[in-house]
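Me: Please take a close look at the charge pairing in this model and at the packing around it. Keep it brisk, and give the cut-offs as you go.

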Protein chains: 2
Amino acid sequence: MGITKTFGFSFKINEMSDILKALGNPARLKIIQFLMDSPSSACGDIIEVLPLAQSTVSKHLSELKRVKLIKGKNKGNNIYYSLNIKTWEKVKDFVLSEINLPKED
Amino acid sequence: MGITKTFGFSFKINEMSDILKALGNPARLKIIQFLMDSPSSACGDIIEVLPLAQSTVSKHLSELKRVKLIKGKNKGNNIYYSLNIKTWEKVKDFVLSEINLPKED
DNA sequence: TTTACATATCGAAATATTACCATATTTATA
DNA sequence: TATAAATATGGTAATATTTCGATATGTAAA
């Protein structure tokens with residue numbers, strides 16, 4: 001079908017998997033990594049470091065914005081993107097909260 | 001196209017995004033969460049907690065196995081799945097390593 | 001207000017993903 | 001070996017994703 005079932009899962013699971021899905025793409029993950037190193041980068045600078053067409057990058061930025069992993073701010077002729085700390089913290093908390101790691105066998 | 005470009009991205013980015021993509025699905029994320037709480041669970045028990053057909057769950061388990069987030073061990077008539085700590089640590093390290101968080105503006 | 005530049009959106013093609021049912025395979029036990 | 005139970009695989013339909021080129025939109029400066 002191609003459609004992901006969300007019924008029957010908790011809000012938290014659905015929300016977090018949506019964010020992780022956004023991170024689960026080389027281009028989008030590289031954008032995130034780039035913004036970690038170069039906070040508040042112009043859209044054009046992001047496009048430059050990716051091996052993709054401008055329109056493709058734009059869509060990836062939209063997707064990251066949709067899940068609130070990044071936010072854009074207009075400044076002159078450009079849009080400067082930066083991470084949305086809150087959402088990144090949410091990811092970090094989720095990954096860290098799962099501490100009941102089973103013993104290796 | 002539907003095809004994700006991997007050429008032009010580092011191995012680490014491609015590897016990590018592959019893992020995160022696997023996590024980016026409610027069913028698969030719930031499986032991971034379930035295995036955190038109930039380490040080493042029989043496949044049947046996992047199927048029980050998901051609102052999906054057995055064959056669908058089986059495919060999700062395969063995907064998680066493919067990216068080495070889980071591993072299965074035959075025991076009698078069942079297969080017991082557990083987390084692959086190494087891979088989970090890799091995810092944790094990745095998320096935590098990105099510490100150069102930009103200031104909120 | 002035109003021009004130039006930066007970014008977003010549209011439209012379309014190729015491929016990927018998710019889901020299900022039906023069936024196959026595997027493994028242990030009778 | 002036959003049976004039953006557990007899990008995996010094949011086939012297929014519906015939908016989603018990724019990508020690109022072309023074009024639209026927005027924004028600042030001339």
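**Salt bridges and the helices that carry them**

Reply: Across all chains, the structure holds 8 salt bridges. The term covers a side-chain nitrogen of Lys or Arg within 4 Å of a carboxyl oxygen of Asp or Glu. This is a predicted model, in which local features need pLDDT of at least 70 and side-chain atom pairs count only at pLDDT 80 or more, while totals for chains, interfaces and linings use all residues. Residues are numbered from 1 along each chain as its sequence is written, chains are lettered from A and ligands numbered from 1 in the order in which they are written, and side-chain values use heavy atoms, with hydrogens and water left out.

Start in chain A. R66(A) pairs with D18(A), and their closest N and O atoms are 3.1 Å apart. R66(A) sits in helix α4 (residues 54-66) and D18(A) in helix α1 (residues 11-23), so this bridge ties together parts 48 residues apart in sequence. Helices here are DSSP runs (H or I, at least four residues), numbered from the N terminus. R66(A) is partly exposed at 46% relative accessibility. D18(A) is partly exposed too, at 24%. The classes are buried under 20% relative accessible area, exposed over 50%, and partly exposed in between (1.4 Å probe, protein chains only).

Now chain B. K90(B) forms a salt bridge with E15(B); here the closest N and O atoms are 2.9 Å apart. K90(B) belongs to helix α5 of chain B and E15(B) to helix α1 (residues 11-23) of that chain, so the pair links parts 75 residues apart in sequence. K90(B) is partly exposed, with a relative accessible area of 36%. E15(B) counts as partly exposed at 24%. Some bridges share partners: D18(A), E63(A) and R66(A) are joined into one network in this way.

A further pair stays within one helix. K92(A) bridges to E89(A), with the closest N and O atoms 3.8 Å apart. Both lie in helix α5 of chain A, 3 residues apart, about one turn of the helix. K92(A) is buried, at 13% relative accessibility. E89(A) is partly exposed at 28%.

Helix α5 (residues 85-97) of chain A packs on helix α5 (residues 85-97) of chain B at an angle of about 150°, with axes 10 Å apart. The axes are lines fitted to C-alpha atoms, for helices over the stretch in contact, and angles run from 0 to 180 degrees between N-to-C directions. α5(A) and α5(B) are therefore roughly antiparallel, a label for angles over 145 degrees, with under 35 roughly parallel, 65 to 115 roughly perpendicular and the rest oblique. W88(A), V91(A), K92(A), V95(A) and L96(A) meet W88(B), V91(B), K92(B), V95(B) and L96(B). Contact means heavy atoms within 4.5 Å.

The axes of α1(A) and α1(B) come within 7 Å and cross at roughly 155°. That makes α1(A) roughly antiparallel to α1(B). S17(A), L20(A) and L23(A) make the contact with S17(B), L20(B) and L23(B).

Terms used: Helix = DSSP H or I, 4+ residues; strand = E, 2+ residues; numbered from the N terminus.
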